[in-house]
Amino acid sequence: MQTLVSTGLIGISLGTQYAMIAIGFTLIFGIMGVINFMHGGGYVLGGYLAYTLANIVGLPFWLAVLGAAAGTAIIGYVIEVLFVDKYVDDHTASMLITLGIYMIMTTGIIVIFGPEPVSGFRFPIRGSLRGYGFYIPYSSMVVLAVSSLAIAAMYWMIYRTRYGIALRAMADDRKCATAQGIRPGRMFPIAFALAMALAGLTGALVTPILSLEPNLGEGQLLKAFIVVILGGLGSVGGATIAAFLVGMIEACSSVYLGGSRGALVLFLVVLLILLVRPAGLLGRETRRA
Amino acid sequence: MNDHARSSSMKLRVENLTKRFGGLQVFQNISFDVEPGRVVGVIGPNGAGKTTLINVICGMLSPSGGKVWLGDTDISGKPFHITSRLGLLRSFQQTNTFRAASVEENLHRARLFSRERPGPEVNLDVLLEEFGLDRHLDDRSDSLPYGQQKMLGLLLALAPKPKFLLLDEPAAGLERKERTRVDRFVQYARDTLGCAAVIVEHDMDLVRRLCPHILVLEAGRLLAEGTPADVLSRQEVMDAYLGADAE
Amino acid sequence: MTPKRVRDFRFDSCGLIVLAPLLAAPFATANPLYFSLTNQIVVGVIASLAVYIMLRMNLLSFTVPTFMAVGGYTAAMISTHGVTNLLVLLAGAFVMPVLIAVPLGVLVLRLKGVYFIFFTFILNEVTQVMLFETPDLTGGSNGISGIPPVTFFGIPLGQQNYLVLVTVITGIVAAAATLAVTQRFRAEFAAIDENETLAESVGVAVWKYRTIGFVASAGVAGLGGFAIVNQLSTAHPSEFTSFSAINYVAYAFVGGKGTMLGSVVGATLLILMSNYFSSQGAYASALFGLLLMSVVMAAPGGIVGEIRQFFEKRSQARRGSAK
């Protein structure tokens, strides 16, 4: 019984993390038709920024996390304006460019911080909540709470604010939206920055719990792919549902099956779902370039 | 009319064709026949479902109900490339060519996949010259002016030796003086291949000139059918167009 | 003026012809560095040719490492079970991926553009997991080692320079296969690449040619896997990571995605570069990234493509002024 509860909690926790990253990724694709191959890099960037701010500059952890998210947002904004903006809707070009940026960024991190995992970067709250035979680390609870808040904030923004409505209009029919006066030149960088900020926030929160090293981006990107394919590219709701699905499957299979078999199970599930619904669970037709 | 047409009893028959997208009924119970060598016009206000009708007949979309026959063959819902191979070709409203390829390469490709169809290759030199494309055989198709790209698009539908052509607004975007080229094209198709044509158009003069028989589509229904003189004078047809510019 | 398709063919055959002199390498030198470079470059060429085949239809496929693994491990298994004839191994390394690619292609090619890309990317991770999780078949995390040298009708080809010879031969076979497929289906692939709807409209069965390209790409990749496994006398999962898929794509794009010659040039250049920077491995990565970005943003035809365009524009201008 306790394993079930623990597994469930792990699954939910993973789910929120994956949701944070996948939502950003799918947002960028849905609105701009850009495949952001450096999205995993946002996670890594967030981690290293938080590490720098917390351990080197000496800020309190929470400030460091906020700073990391902000920093990732700014970097995302700049990258969009300089490199990505011209290649909106061009899947291959945007993918290769962001890939190139990711490679350069990773090299930069290795040069500055070295290739080894960072030591001494830890989550400030230790210990765990124990009860009725299960236990959950406080850190996981905090991450879960913050992530849920961030996701809720994203939803609120997308569905309740004028800005969010503008974003959704851009995603639905860009020509129409632009004709109405919505300016892609302002929307795109902000959307990109926001998506990266989510990834950065996740990185800042999770890397002190798990580990922080330069090559984590690939793994995160891979997870994002899986979640986003499952949920349907361009669908925020789909990404959220799929993220929790993936989180749960991963938690269950790592607890009950062990090791990398879990990855196989995940993949088989994705494959099966894609056979039935080639556009993902809630996917819409991919953007025509 | 040449031997092809006389010997073949093949006609294009559309039977109770219906198309829905989710809850949206685009057209329903459309039926008509096209005899070999005939030219049929399809007119109607925007949104009447004309382009979708073509999309369904040629196989780009599958019908929600009804059938399409090419001679004795039921082609309803058959994949697009199969209907092409059977001799049902279409042109597109927007310019549609192999962008980066030259005019010559475009035509070369269009012919490649119809080699197994009976009959000699269609000689398009006459039309190429009349449309001014013979001077641009080596130029990229997307470097040509709009009108010429449109004409190339028509020629690409003719190169595979069609028996039936579905032309989606062939004159759209053409200047006044270029529009008679469409006439020339349809006439050439009829004369050399015995090819029939279904022409969706907004240009009423062109329709009157070319189509001895027209169908009027409105809000997804067949509103009227007959000769141009007959149909275009009917009250309900004029009402359907009220507000829309019938040129 | 020769049609573009003839000019394309010339560039493509250059890609094949350029490899021929490498046959002399094993006999011209004994320098292990040259051997290592030749091995690496030829494998890179094969892999990026596999990418190239799909790029002919504007499909970006990250499947290459997976099929390389299939080809490599198949050859390894055949060898360790006693059959070491070069021709048999080449055939096995080509055919096995082809057999797997057919049903896989049916499933995967239905996916629309972007999903297809993501899926093929994930596929490599799955391959890794499957290699690790089947130790009885594949040796798991140890791989298959101690593979006996390839023989050519009884003549063992185990010495250093002969290993290189086998690699070069494999490369030439792979390039010939690529040339054959891309020439035979040139018009169909190009039609699908430039305007898929129109292609269908003139009678091209798009699904069929996508599958042909996918399967051919798999076979060629399999040959690359064999080359790797032969060089190292070992088949190990670390040679077939998903990240290497990115490298192969980079070779094809940087060299020029329009011709086979581009893949050859791209692989050669980038591999030489990463060897030059091998002591500071990370810098090679950054340079890759920079090159990739530069090509996409400023030189979309890649090295070969841009050079070619430059010369064609010049001769067009000359013809224009002569008219």
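# Exercises on a predicted three-chain model

## Exercise 1: A helix in chain B

**Solution.** 

Step 1. Look at burial. A residue is called buried here if 20 or more other C-beta atoms lie within 10 Å of its own.

## Exercise 2: A sheet in chain B

Work out the strand order of the open four-stranded sheet in chain B, then say which strands stand at its edges.

**Solution.** 

Step 1. Read across the sheet: the order is β2-β1-β4-β5, with antiparallel pairing.

Step 2. Find the edges. β2 (24-34) and β5 (73-74) of chain B each have a single partner strand, so one side of each is left without a neighbour in the sheet.

Step 3. Zoom in on one pair. Strand β1 (residues 12-21) and strand β4 (residues 65-70) of chain B are joined in the antiparallel sense by five bridges. One residue to look for is R13(B), whose bridge partner in β4(B) is W69(B).

## Exercise 3: Chain B as a whole

Decide whether the radius of gyration of chain B agrees or disagrees with that of a compact globule, and describe the confidence of the chain.

**Solution.** 

Step 1. Count the elements: chain B contains 10 helices and 10 strands.

Step 2. Compare the radius. For 247 residues, a compact globule would have a radius of gyration near 18 Å; chain B has 17 Å, so it agrees. Its C-alpha trace spans about 50 × 40 × 40 Å along the principal axes.

Step 3. Check the interior and the contacts. Buried residues account for 48% of the chain. Of the contacts between residues at least 6 apart in sequence, 71% join residues at least 24 apart.

Step 4. Check the confidence. Chain B has a mean pLDDT of 86, and 94% of its residues reach 70 or more. Residues 1-8 of chain B have a pLDDT below 50, and this stretch has 11 contacts beyond near neighbours in sequence in the model.

## Exercise 4: How the chains meet

Which two of the chains share the most contacts? Describe both interfaces with chain C.

**Solution.** 

Step 1. Sort the pairs. Two pairs of chains are in contact, and chains A and C share the most contacts. Chain A and chain B do not touch; their nearest C-alpha atoms are 14 Å apart.

Step 2. Take chain A with chain C: 30 residues of chain A are in contact with 31 of chain C. The largest share on the chain A side, 14 residues, comes from α4(A). That side has 21 nonpolar, seven polar and two charged residues.

Step 3. Take chain B with chain C: 23 residues of chain B contact 18 of chain C. Here α4(B) gives the most to the chain B side, with five residues. By class, this side has 10 nonpolar, six polar and seven charged residues.

Technical notes: Residues numbered from 1 in each chain as written. Chains lettered and ligands numbered in written order. Predicted model: local features only at pLDDT ≥ 70, side-chain atom pairs only at ≥ 80, totals over all residues. Contact = placed C-beta atoms within 7 Å. Helix = DSSP H or I, 4+ residues; strand = E, 2+ residues; numbered from the N terminus. Nonpolar A, V, L, I, M, F, W, Y, C, P; charged D, E, K, R; others polar. Rg over C-alpha atoms; globule rule 2.2 N^0.38 Å. Buried ≥ 20, exposed ≤ 12 C-beta atoms within 10 Å, placed from the backbone. pLDDT = per-residue confidence, 0-100. Pairing = 2+ DSSP bridges.
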